[in-house]
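Please look through the structure below before reading on.

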Amino acid sequence: MAATHRRSTPASTNAPRPDGDDGRDAGFPVRNLRFELDPARLRDWHPAGPALTMFFNNLSIFFPAGERFFIRSVRAHAKQVTDPELKAQVRSFCGQEGVHNREHQRYNALLAAQGYPIAEMEARIERLLARVEKTLSPRMCLAATAALEHFTATMGHLLLSEPALLEDAAPAMRDLWRWHAAEENEHKAVAYDVYLAAGGNYPERALAMIIATLIFWAKVIEHQARMMKVDGRGGRPRSWLRFANILVGEPGVLRKLTRPYFEYFKPGFHPWDVDNHALVEAWAAQLAASNGTYGAKA
Ligand SMILES: [Fe+2]
Ligand SMILES: [Fe+2]
């Protein structure tokens with residue numbers, strides 16, 4: 001059963017523009033931002049404490065290798081994209097993920113300086129994804145990318161829709177995570193739409209989501225355990241209870257993402273079923289109002 005519908009472009013960018021361009025060939029901006037993360041705050045940049053700080057740091061470790069995999073998966077199918085609008089969005093997608101990649105590499109270098117085995121953890125993800133590419137077909141890799149992009153989009157939606165989650169965090173960290181959250185939503189349908197253009201089908205994308213879920217959360221738990229060990233808290237039940245609380249208590253990342261997660265399994269699902277470009281636009285207005293101070297240390 002091939003899915004044929006496509007609604008990649010948010011309604012706002014489909015609107016006629018004053019310059020007469022109907023916006024049909026438009027991608028979205030690639031913002032070349034840099035974030036001046038405070039090396040002294042790596043372990044305590046989130047006011048909710050070290051467990052939640054570590055959870056965000058944990059996610060950062062996935063991005064350099066993960067986003068390179070996303071770009072490769074999408075580019076491998078670029079020839080099957082005929083729609084000029086989607087072609088432009090593919091270019092924007094690769095540009096945005098490229099900048100995310102760079103900024104998370106800078107973030108992760110600071111984590112490495114804190115004594116975490118970042119190089120080894122990143123290399124393990126790189127090897128895992130290389131194995132995935134060797135074992136699965138290119139289109140299945142693209143289905144996995146679409147699945148993982150659903151994760152980044154729904155997590156990003158959570159961060160944007162509940163600003164209190166980052167409000168009192170160290171400013172540059174708060175800005176970095178909001179920027180990434182916003183751009184993940186801006187480009188949330190690109191990999192999915194390329195997957196459809198490549199002839200993707202429901203059973204394959206559902207299976208890819210199941211595989212991606214199992215691998216991703218196993219790695220999240222492994223990363224958290226390794227980082228807790230470095231901090232001397234690996235064997236403490238209280239540390240694990242705090243981690244469990246992040247997932248199912250407060251803020252309850254897993255609890256809040258369960259419903260959007262299962263939406264992906266609807267046969268007619270499309271990422272823009274949740275029309276959240278107002279959240280992205282509100283973030284872009286904050287960026288514009290920051291007068292170049294966005295991402296500054298304080
Ligand atoms: Fe990204
Ligand atoms: Fe992304």
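Helix α3 (residues 84–113) and helix α7 (residues 190–197) have axes that come within 10 Å and cross at roughly 135°. This is a predicted model, in which local features need pLDDT of at least 70, side-chain atom pairs count only at pLDDT 80 or more, and totals for chains, interfaces and linings use all residues. Residues are numbered from 1 along each chain as its sequence is written, while chains are lettered from A and ligands numbered from 1 in the order in which they are written. Helices (H or I, at least four residues) are DSSP runs, numbered from the N terminus. Axes are lines fitted to C-alpha atoms, for helices over the stretch in contact, and angles run from 0 to 180 degrees between N-to-C directions.

Why are α3 and α7 called oblique to each other? Angles under 35 degrees count as roughly parallel, over 145 as roughly antiparallel, 65 to 115 as roughly perpendicular and the rest as oblique, and α3 and α7 are therefore oblique. In α3, Leu-86, Gln-89, Val-90 and Phe-93 meet Val-190, Asp-193, Val-194 and Ala-197 of α7; contact means C-beta atoms, placed from the backbone, within 7 Å.

His-157 belongs to helix α5 (residues 138–161). His-157 counts as buried because 22 C-beta neighbours lie inside 10 Å (buried: 20 or more; exposed: 12 or fewer; partly exposed: in between; C-beta atoms placed from the backbone). Leaving aside neighbours within four places in sequence, His-157 is in contact with Asn-185, Asn-276 and Leu-279.

The protein chain has a mean pLDDT (the predictor's confidence in each residue, from 0 to 100) of 91.

How values were computed: Helices (H or I, at least four residues) and strands (E, at least two) are DSSP runs, numbered from the N terminus. Two residues are in contact if their C-beta atoms, placed from the backbone, lie within 7 Å.
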